[in-house]
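My notes follow in the order of the look-ups.

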Amino acid sequence: MGPLSSRDVLEWAMTESVPVRCPACRRERLYAAPSYPCVCGASVAPRLDQRGTPTAVTHRVWDEEWAAVRCGACGRRDQWPYPELGCPCGTVLRIPVAGPDASSAPAAGNTAVGTPRRRAFQPVTTRTARDAVTAAAVYLRWLGYRDIRRADRRPSSGIGIAARGLLAQVDPTIRPASLRDVECLWLTAMTETADCVYFSLAGYTPDARTRADALGVPLFVLDLTGAPQPVNSHADELDATGAR
(Lines give C-alpha, C1' and ligand atoms only; values in the text may rest on other atoms or scores of the structure.)
Protein backbone atom coordinates (compact mmCIF):
# COMPACT_ATOMS: atom_id res chain seq x y z
CA MET A 1 0.00 0.00 0.00
CA GLY A 2 1.43 3.36 -1.04
CA PRO A 3 1.60 6.46 1.16
CA LEU A 4 -1.52 8.56 1.51
CA SER A 5 -1.64 11.98 -0.06
CA SER A 6 -2.16 15.02 2.14
CA ARG A 7 -5.66 15.34 0.66
CA ASP A 8 -6.49 11.72 1.58
CA VAL A 9 -5.32 12.28 5.14
CA LEU A 10 -7.26 15.53 5.43
CA GLU A 11 -10.48 13.95 4.11
CA TRP A 12 -10.09 10.97 6.44
CA ALA A 13 -9.47 13.21 9.44
CA MET A 14 -12.54 15.27 8.62
CA THR A 15 -14.79 12.21 8.39
CA GLU A 16 -13.44 10.84 11.65
CA SER A 17 -14.43 13.91 13.67
CA VAL A 18 -18.08 13.32 14.45
CA PRO A 19 -20.68 15.17 16.53
CA VAL A 20 -21.69 13.24 19.65
CA ARG A 21 -24.81 14.03 21.66
CA CYS A 22 -24.99 12.86 25.27
CA PRO A 23 -28.24 10.93 25.90
CA ALA A 24 -28.31 12.17 29.49
CA CYS A 25 -27.89 15.96 29.19
CA ARG A 26 -28.35 16.32 25.39
CA ARG A 27 -25.13 18.33 25.15
CA GLU A 28 -23.31 17.90 21.83
CA ARG A 29 -19.54 17.80 21.33
CA LEU A 30 -17.20 17.07 18.43
CA TYR A 31 -15.20 13.86 18.90
CA ALA A 32 -12.24 12.26 17.11
CA ALA A 33 -11.03 8.76 17.95
CA PRO A 34 -7.53 8.53 19.48
CA SER A 35 -4.80 6.74 17.54
CA TYR A 36 -2.52 3.92 18.73
CA PRO A 37 0.78 2.53 17.44
CA CYS A 38 0.63 -0.57 15.22
CA VAL A 39 3.72 -2.79 15.46
CA CYS A 40 4.55 -1.78 11.88
CA GLY A 41 5.03 1.81 13.03
CA ALA A 42 1.82 3.32 11.60
CA SER A 43 -0.77 5.06 13.74
CA VAL A 44 -4.18 3.38 13.72
CA ALA A 45 -7.58 4.46 15.01
CA PRO A 46 -10.99 2.80 14.82
CA ARG A 47 -13.29 4.17 12.14
CA LEU A 48 -16.31 5.78 13.77
CA ASP A 49 -19.85 4.89 12.75
CA GLN A 50 -21.40 8.27 12.05
CA ARG A 51 -24.88 6.76 11.90
CA GLY A 52 -24.60 4.94 15.22
CA THR A 53 -25.86 6.19 18.57
CA PRO A 54 -23.50 6.67 21.55
CA THR A 55 -24.41 4.67 24.64
CA ALA A 56 -23.76 5.42 28.29
CA VAL A 57 -21.26 3.13 30.03
CA THR A 58 -22.94 1.88 33.21
CA HIS A 59 -20.64 -1.04 34.00
CA ARG A 60 -17.37 -2.39 32.67
CA VAL A 61 -17.10 -5.66 30.73
CA TRP A 62 -13.64 -6.51 29.38
CA ASP A 63 -14.83 -7.93 26.05
CA GLU A 64 -16.89 -4.80 25.37
CA GLU A 65 -13.95 -2.46 25.95
CA TRP A 66 -11.96 -3.54 22.88
CA ALA A 67 -12.65 -3.14 19.17
CA ALA A 68 -11.06 -5.03 16.27
CA VAL A 69 -9.22 -2.57 14.04
CA ARG A 70 -7.28 -3.34 10.86
CA CYS A 71 -4.19 -1.21 10.15
CA GLY A 72 -4.55 0.65 6.88
CA ALA A 73 -0.79 0.47 6.26
CA CYS A 74 0.10 -3.20 6.80
CA GLY A 75 -3.31 -4.86 7.06
CA ARG A 76 -2.68 -6.25 10.54
CA ARG A 77 -5.80 -6.73 12.70
CA ASP A 78 -5.50 -6.05 16.43
CA GLN A 79 -7.70 -5.27 19.40
CA TRP A 80 -7.65 -1.62 20.54
CA PRO A 81 -9.58 0.27 23.23
CA TYR A 82 -13.16 1.09 22.26
CA PRO A 83 -13.45 4.88 21.84
CA GLU A 84 -15.10 6.66 24.76
CA LEU A 85 -15.90 10.25 25.62
CA GLY A 86 -16.46 11.75 29.06
CA CYS A 87 -19.31 14.26 29.10
CA PRO A 88 -19.09 17.23 31.53
CA CYS A 89 -22.34 15.97 33.10
CA GLY A 90 -20.46 12.91 34.33
CA THR A 91 -21.73 10.37 31.79
CA VAL A 92 -19.15 8.22 30.00
CA LEU A 93 -20.17 7.60 26.39
CA ARG A 94 -19.10 4.64 24.26
CA ILE A 95 -18.79 5.82 20.66
CA PRO A 96 -20.02 3.39 17.97
CA VAL A 97 -17.44 2.15 15.47
CA ALA A 98 -17.69 0.67 12.00
CA GLY A 99 -17.63 -3.09 11.36
CA PRO A 100 -14.83 -5.29 12.81
CA ASP A 101 -12.94 -5.35 9.50
CA ALA A 102 -13.03 -1.62 8.89
CA SER A 103 -9.48 -0.42 8.24
CA SER A 104 -7.83 2.54 9.87
CA ALA A 105 -6.02 5.08 7.75
CA PRO A 106 -2.41 5.73 8.83
CA ALA A 107 -1.39 9.23 9.80
CA ALA A 108 0.72 11.20 7.35
CA GLY A 109 4.36 10.16 7.36
CA ASN A 110 3.62 6.95 9.26
CA THR A 111 3.40 4.38 6.46
CA ALA A 112 5.13 1.15 7.36
CA VAL A 113 6.87 0.09 4.17
CA GLY A 114 10.51 -0.74 4.87
CA THR A 115 10.35 0.02 8.62
CA PRO A 116 11.76 -2.17 11.44
CA ARG A 117 9.49 -4.43 13.49
CA ARG A 118 9.38 -1.99 16.42
CA ARG A 119 9.29 1.77 16.14
CA ALA A 120 9.51 4.24 19.01
CA PHE A 121 6.75 3.59 21.54
CA GLN A 122 3.85 6.03 21.42
CA PRO A 123 2.46 6.35 24.98
CA VAL A 124 -1.21 6.61 25.94
CA THR A 125 -2.06 9.43 28.33
CA THR A 126 -3.01 8.01 31.73
CA ARG A 127 -5.79 9.74 33.66
CA THR A 128 -7.95 6.84 34.91
CA ALA A 129 -7.57 3.20 35.91
CA ARG A 130 -8.87 2.22 32.47
CA ASP A 131 -6.19 4.40 30.87
CA ALA A 132 -3.51 2.62 32.93
CA VAL A 133 -4.70 -0.79 31.74
CA THR A 134 -4.85 0.49 28.17
CA ALA A 135 -1.32 1.93 28.40
CA ALA A 136 0.03 -1.38 29.73
CA ALA A 137 -1.80 -3.39 27.05
CA VAL A 138 -0.57 -1.11 24.25
CA TYR A 139 2.99 -1.34 25.59
CA LEU A 140 2.86 -5.15 25.78
CA ARG A 141 1.57 -5.29 22.21
CA TRP A 142 4.42 -2.99 21.17
CA LEU A 143 6.84 -5.42 22.81
CA GLY A 144 5.42 -8.15 20.59
CA TYR A 145 2.98 -9.98 22.88
CA ARG A 146 -0.20 -11.35 21.33
CA ASP A 147 -3.73 -12.33 22.38
CA ILE A 148 -3.91 -9.71 25.13
CA ARG A 149 -6.98 -10.22 27.34
CA ARG A 150 -8.19 -9.98 30.92
CA ALA A 151 -6.44 -12.51 33.14
CA ASP A 152 -8.50 -15.52 34.22
CA ARG A 153 -7.56 -15.02 37.87
CA ARG A 154 -8.21 -11.75 39.62
CA PRO A 155 -5.06 -10.50 41.39
CA SER A 156 -4.94 -9.55 45.06
CA SER A 157 -4.75 -5.90 44.00
CA GLY A 158 -5.01 -4.01 40.76
CA ILE A 159 -6.09 -5.49 37.43
CA GLY A 160 -4.70 -8.60 35.78
CA ILE A 161 -4.14 -8.88 32.03
CA ALA A 162 -2.67 -11.78 30.14
CA ALA A 163 -1.02 -12.45 26.80
CA ARG A 164 0.40 -15.54 25.17
CA GLY A 165 3.04 -16.76 27.68
CA LEU A 166 2.71 -13.73 29.94
CA LEU A 167 0.77 -12.60 33.00
CA ALA A 168 0.78 -8.88 33.86
CA GLN A 169 -0.58 -6.93 36.79
CA VAL A 170 -1.56 -3.26 36.56
CA ASP A 171 -1.89 -1.37 39.84
CA PRO A 172 -3.59 2.02 39.25
CA THR A 173 -3.81 2.97 42.93
CA ILE A 174 -1.74 5.57 44.79
CA ARG A 175 -0.28 2.88 47.07
CA PRO A 176 3.19 1.53 46.21
CA ALA A 177 3.09 -2.15 45.30
CA SER A 178 4.19 -4.38 48.19
CA LEU A 179 6.38 -7.47 48.50
CA ARG A 180 3.20 -9.57 48.80
CA ASP A 181 1.82 -8.10 45.57
CA VAL A 182 4.96 -9.08 43.67
CA GLU A 183 5.11 -12.55 45.21
CA CYS A 184 1.44 -13.26 44.46
CA LEU A 185 1.91 -12.28 40.82
CA TRP A 186 5.02 -14.46 40.51
CA LEU A 187 3.33 -17.48 42.14
CA THR A 188 0.26 -17.18 39.91
CA ALA A 189 2.47 -16.94 36.82
CA MET A 190 4.40 -20.01 37.95
CA THR A 191 1.20 -22.07 38.17
CA GLU A 192 0.34 -21.02 34.62
CA THR A 193 3.88 -21.63 33.30
CA ALA A 194 4.10 -18.02 32.19
CA ASP A 195 6.43 -15.06 32.59
CA CYS A 196 5.15 -12.06 34.51
CA VAL A 197 5.51 -8.29 34.62
CA TYR A 198 4.20 -5.62 37.01
CA PHE A 199 3.00 -2.10 36.18
CA SER A 200 2.37 0.41 38.98
CA LEU A 201 1.40 4.07 39.05
CA ALA A 202 2.81 4.67 42.55
CA GLY A 203 6.01 2.64 42.37
CA TYR A 204 7.17 -0.11 44.74
CA THR A 205 8.26 -0.53 48.33
CA PRO A 206 11.99 -1.25 48.80
CA ASP A 207 11.37 -4.87 49.82
CA ALA A 208 9.09 -5.37 46.80
CA ARG A 209 11.91 -4.24 44.49
CA THR A 210 14.42 -6.48 46.23
CA ARG A 211 12.10 -9.48 45.95
CA ALA A 212 11.31 -8.75 42.29
CA ASP A 213 15.03 -8.67 41.51
CA ALA A 214 15.48 -12.07 43.17
CA LEU A 215 12.47 -13.61 41.38
CA GLY A 216 13.24 -12.08 37.98
CA VAL A 217 10.06 -9.99 37.79
CA PRO A 218 10.27 -6.91 35.55
CA LEU A 219 8.91 -3.81 37.31
CA PHE A 220 7.60 -0.74 35.50
CA VAL A 221 6.18 2.57 36.69
CA LEU A 222 3.49 4.18 34.54
CA ASP A 223 3.83 7.95 34.47
CA LEU A 224 0.98 10.30 33.53
CA THR A 225 2.04 10.25 29.88
CA GLY A 226 1.43 6.48 29.84
CA ALA A 227 5.06 5.64 29.09
CA PRO A 228 6.20 2.61 31.18
CA GLN A 229 9.51 3.40 32.90
CA PRO A 230 11.72 0.40 33.80
CA VAL A 231 12.47 0.17 37.52
CA ASN A 232 14.85 -2.80 37.60
CA SER A 233 17.31 -4.56 35.28
CA HIS A 234 14.72 -7.20 34.32
CA ALA A 235 12.45 -4.43 33.04
CA ASP A 236 15.35 -2.82 31.17
CA GLU A 237 16.04 -6.14 29.44
CA LEU A 238 12.37 -6.68 28.51
CA ASP A 239 12.11 -3.16 27.14
CA ALA A 240 15.21 -3.72 25.00
CA THR A 241 14.49 -7.21 23.68
CA GLY A 242 10.69 -7.39 23.61
CA ALA A 243 8.70 -10.64 23.62
CA ARG A 244 10.66 -13.80 22.87
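Which residue just after α4 takes a positive phi? I found glycine 216 there, with a phi of about 80°. The model is predicted, so I keep that in mind as a condition on every entry.

Entry on burial in α4. I looked up the buried residues of this helix and noted Ala208, Ala212 and Leu215. Seen down the axis of α4, they fall within an arc of 70°, so they line one face of the helix. On the face turned away from the buried side I listed the exposed residues Pro206, Thr210 and Ala214. The cover over the buried residues includes α3, β15 and α5 (233-241).

Entry on α3 against α4. I took α3 as residues 179-191 and α4 as residues 206-215; they pack at an angle of about 25°, with axes 8 Å apart. Because angles under 35 degrees count as roughly parallel, α3 is roughly parallel to α4. From α3, Leu179, Val182, Glu183 and Trp186 take part in the contact, and they meet Asp207, Ala208, Arg211, Ala212 and Leu215 of α4.

I traced 6 strands in an open sheet with mixed pairing, ordered β11-β12-β13-β14-β15-β16. β11 (149-150) and β16 (228-230) stand at the edges with a single partner strand each, so one side of each has no neighbour in the sheet. β14 (residues 195-200) pairs with β15 (residues 219-222) in the parallel sense over 3 bridges. Serine 200 stands opposite valine 221 in β15.

Note on methods
Residues are numbered from 1 along each chain as its sequence is written. This is a predicted model: local features need pLDDT of at least 70, side-chain atom pairs count only at pLDDT 80 or more; totals for chains, interfaces and linings use all residues. Side-chain values use heavy atoms; hydrogens and water are left out. Axes are lines fitted to C-alpha atoms, for helices over the stretch in contact, and angles run from 0 to 180 degrees between N-to-C directions. Helices (H or I, at least four residues) and strands (E, at least two) are DSSP runs, numbered from the N terminus. Angles under 35 degrees count as roughly parallel, over 145 as roughly antiparallel, 65 to 115 as roughly perpendicular and the rest as oblique. Contact means heavy atoms within 4.5 Å. Two strands pair if DSSP finds at least two bridges between them. Buried means under 20% relative accessible area, exposed over 50%, partly exposed in between (1.4 Å probe, protein chains only). The arc is that of the directions from the helix axis to the C-beta atoms.
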